[in-house]
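Dear colleague,

I am passing on the structure below, together with some notes on what was found in it. Please read the notes with the structure open beside them.

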Amino acid sequence: MSKVLVFAEVQGDDVKSVAYEILGKLSGQSVDVAAIGSIPAAAAEKLAKHGAENIHSIKGDKLEQYTPEGWSNALKNFIGDKGYDYVLAGSTATGKDLLPRLAGSFDAGMASEVVNFTFDGGTFAGTRPLFAGKCLAKVEITGPKPHFVTVRPNALGMPTSEDAKAGATNEATVDAGTIRAFVKEIVKGASEKLDLTEANIIVSGGRAMKNAENFKILNELADVVGATVGASRAAVDSGYAPHAMQVGQTGKTVSPSLYIACGISGAIQHLAGMRTSKVIVAINTDPDAPIFTKADYGIVGDLFEIVPLMTKEFKALLG
Amino acid sequence: MNIFVCVKQVPDTETKVTPNGDGSFIETSSIKWIMNPYDEFAVEQALQVKAANADSTVTVLRVGGVKDTEALRTALAMGADDAVLVESADNLDSYMIAKALKGAIDKTGKKPDLVFAGKQAIDDDCLQVPQLLAQMLDIPSVSVVVGFEMNGSKLMLKREIEGGSLEVYEVETPVLIAANKGLNTPRYASLPGIMKAKKKPMAQHSLADVGVSDSDRRVKYSQFTLPPEKPAGKKFEAMEEGARAGVVKEVVGLLRNEAKVI
């Protein structure tokens, strides 16, 4: 049995759901959860139900806003000599930036963005995509502990059974150390929706969208089904969408439960970034487009006709 | 100002990846190598800083196999002053690469003011080296940078987070910056640039020279496989106006009742 810390991120009155996904795979280990900030009571209750023995809310000066140094120093100080064998976190914007720095401060190893893992005999072994998902490999960590792991959101799925533990809540005050790179302000993006990497449903547009204005029809569909809108590299390079929306090898690698590809031919670097989606719908006028080889449901048709019909149909269904 | 840029050489994005015979890595014999796409933004930003600051040098660093020096030659042709190559096998982990880069910087005898890198390499997609290197150099780092302004030793950096939102950082040199697409428009190497690059100095070190040994390995990979192929899906013909509504209704129904994702 290993001693594991799951690093969670507070979001509204809950924590980001990837923390629950991770807990679901840690049955049989001794598991604590920590977050910087106050873990809401409802979230603490849920975390306990999913197997958290101790739940730590970490506080301190200059920790309200994420900074790589501040949060890394704080967690280093918190983890200290508690003897964790492993620290796991979601591969979110914060997790991706924070964990390597934290691992470096322990001179310890880290496995990035695993999509599955086991703890046979208390030892971590993971599976992760490389080359943007063109292949998979087994990943193991050696060297000094703790070992660090980030887990791709949506890859494990929410746990179906519960393994309730005490979930004792605790507040820890720690020192954020020296911070040299400060966040002066946050500029909100246009979208209040979930990030592509965390989205459960993605509606994505390609070169066939023809211009930026036409993304309106994708936004309408996305609003009805609660999706985040993405774009192919061709659409981004043509100026139809910002790079933050790009799905693929030089954009974001995503694994939603539903991916709707509209007017995307399916270049190898795009397929690499979305092939792990659970269900793929493709809409394209070219019946030989490579995207159809990956689609569970392919519609040979004009997206400008099909997408509005789909929006209407979903509206009727979800009304 | 001493500016360093870390580059990696990766398979071209159109490469079809196949695991090698024993699954210990991928087949590399027929791969076309390119500079990691995100590193191009790093090189470009370094060159822009150099252009705005007299007495600056841009040194480009790479850890990797020697059989092809495409990435370093490209950076030199774009305008970097000199290059350092640390020869290694292809399968180093992020910790070893970061430690080798740190050793290579130390060996130049120059104290870095700015260190640039791509936000991730598109081969192993670990997103670790920039943060690890900054930690080893004991300097701050800002990753996924899409906005860069510099005024003397003060910088304002925009880091892209979820949903296209930005964290705006204020920091003074020295700092490590991990570049994202959108930071700038990388220049192409000109023909005279390519000619000149051939005469620019390229230092070569072994891993041992920069203080890296097998005991620095932190991550081990094995069992490289192709992702499982999906069984063929259902395809519907809806080019004709009369077919559209029926097809859409059917697919939406299948998403609800068969795939159960809505």
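In this predicted model, the contact between the two chains takes 71 residues from chain B and 73 residues from chain A. On the side of chain B that touches chain A, the elements that give two or more residues are α4 (129–137), β7 (141–151), β9 (166–172), β12 (219–225), β13 (234–237) and α6 (241–257) of chain B. The most comes from α6(B), which contributes ten residues to that side. Sorted by class, the side of chain B that touches chain A is made up of 37 nonpolar, 14 polar and 20 charged residues.

Within β12(B), B:Lys220 is the bridge partner of A:Glu140.

As for chain B on its own, it is divided into domain 1 (2–216) and domain 2 (230–262), and the C-alpha centres of these two domains of chain B are 46 Å apart.

One helix of chain B deserves a separate word, namely α1 (residues 37–52). With 16 residues at 1.5 Å a residue, helix α1 of chain B should span 22 Å, and because its end C-alpha atoms are 24 Å apart, the two values agree. The buried residues of α1(B) include B:Tyr38, B:Phe41, B:Ala42, B:Val43, B:Leu47 and B:Val49, and also the charged B:Asp39, B:Glu40 and B:Glu44.

With best wishes

Methods
Residues numbered from 1 in each chain as written. Chains lettered and ligands numbered in written order. Predicted model: local features only at pLDDT ≥ 70, side-chain atom pairs only at ≥ 80, totals over all residues. Domains from an automatic or database assignment. Helix = DSSP H or I, 4+ residues; strand = E, 2+ residues; numbered from the N terminus. Expected span 1.5 Å × (residues − 1). Buried ≥ 20, exposed ≤ 12 C-beta atoms within 10 Å, placed from the backbone. Contact = placed C-beta atoms within 7 Å. Pairing = 2+ DSSP bridges.
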